[in-house]
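Here are my notes, as promised. Have the structure open while you read, and go through the points in order.

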Amino acid sequence: MTVRPITIVGHRALERRTRKVREITEDIRTLVADMFETNDAADGAGLAAPQVGSRWRLFIYSCPDAEGIERRGVVINPRLERYGPLELEEDTIEGCLSVPGEGFPTARHRGARVTGIDLEGQEITVEDEGGVLARALQHEVDHLEGSLYLDRLTPALRREALDAITARGWRARGILSWDPRTLEAEDV
Ligand code: ZN
């Protein structure tokens, strides 16, 4: 397994829609193993394929659900259903490994159910209501549609986020990815 560089906002891979996986090849298995390794190195709650520059429609998650139970897995070709109220709380900060070191309150539905397949090609369902996992499922599927959580911020917070991103200077320095083996998210 290998830790891969994580793409940063402004990288094209984060802005394009992904492709459905037709066959679970050795390359897909390696990609998924590397994504777990990369997410662990970065201490993330989940990671979508575009965040390591891949076009495949899959993501991994590794975070607690509403009961506080750690949940970990992969979903290939996910379909997302959101349910329950759209919640925006000042003290629930959402972050993204592709916007390292930043975090903002982000409106998300209370419940999320994702169906797809696992690495054995078996149909799976992952669901959570009110936990970190519910938020992560919605966040990761957004990545697969070429969208970031920044797109879901209120206009005022979005301006604040864009200012923070400019201040980090990634674009000015030509930085489009970071390596979680050598840097902490705050220091990218
Ligand atoms: Zn993200």
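Contact, as I use the word below, means heavy atoms within 4.5 Å. One caution before the points: this is a predicted model, where local features need pLDDT of at least 70, side-chain atom pairs count only at pLDDT 80 or more, and totals for chains, interfaces and linings use all residues. Residues are numbered from 1 along each chain as its sequence is written, and side-chain values use heavy atoms, with hydrogens and water left out.

1. Start with the metal. The zinc ion has Cys96 (SG), His139 (NE2) and His143 (NE2) as its protein donors, at 2.0 to 2.3 Å. Donors here are N, O and S atoms within 2.8 Å of the metal (3.2 Å for Na, K and Ca); water is not among the atoms, so sites may look incomplete. Along the chain, the spacing of the donors reads C-x42-H-x3-H. Cys96, in the loop between strand S5 (93–94) and strand S6 (104–105), and His139, in helix H2 (residues 132–144), are 43 residues apart and link distant parts of the chain. Helices (H or I, at least four residues) and strands (E, at least two) are DSSP runs, numbered from the N terminus.

2. What does the record say about these positions? UniProt, in an unreviewed entry, places a "binding site" feature at Cys96, His139 and His143. The three span 48 residues in sequence, but no two of their C-alpha atoms are more than 10.2 Å apart, so they gather at one spot. UniProt positions are given in the numbering used here, feature names are shortened, and annotations may be inferred rather than shown by experiment.

3. Are Cys96 and His139 buried or exposed? Cys96 has 7% relative accessibility and counts as buried; His139 also comes out as buried, at 7%. (Buried is under 20% relative accessible area, exposed over 50%, partly exposed in between, with a 1.4 Å probe and protein chains only.) Leaving aside neighbours within four places in sequence, Cys96 contacts Gln51, Glu102, His139, His143 and Tyr149.

4. Five strands form an open, antiparallel sheet in the order S2-S3-S4-S7-S8. Strand S2 (46–48) and strand S8 (123–129) are the edges, each pairing on one side only. Neighbouring strands are turned by 30° against each other on average, direction ignored. Two strands pair if DSSP finds at least two bridges between them; S4 (residues 70–87) and S7 (residues 108–117) run antiparallel and are joined by eight. Take Arg79 as a place to look: its bridge partner in S7 is Thr115.

5. Helix H1 (residues 26–41) lies across S2, strand S3 (58–64) and S4, at about 35° to S3. For such angles, axes are lines fitted to C-alpha atoms, for helices over the stretch in contact, and values run from 0 to 180 degrees between N-to-C directions.

6. There is one aromatic pair in the structure. Phe59 and Tyr61 have ring centres 6.4 Å apart and planes at 55°, so the pair is tilted. (Rings of Phe, Tyr and Trp, its six-membered ring, pair if their centres lie within 6.5 Å; planes under 30 degrees apart count as stacked, over 60 as edge-to-face and the rest as tilted.) Phe59 is buried at 0% relative accessibility, and Tyr61 is buried at 7%.

7. Finally, look at Gln122, in the loop between S7 and S8. Gln122 is partly exposed, at 49% relative accessibility. Not counting residues up to four places away in sequence, Gln122 touches Gly116 and Ile117.
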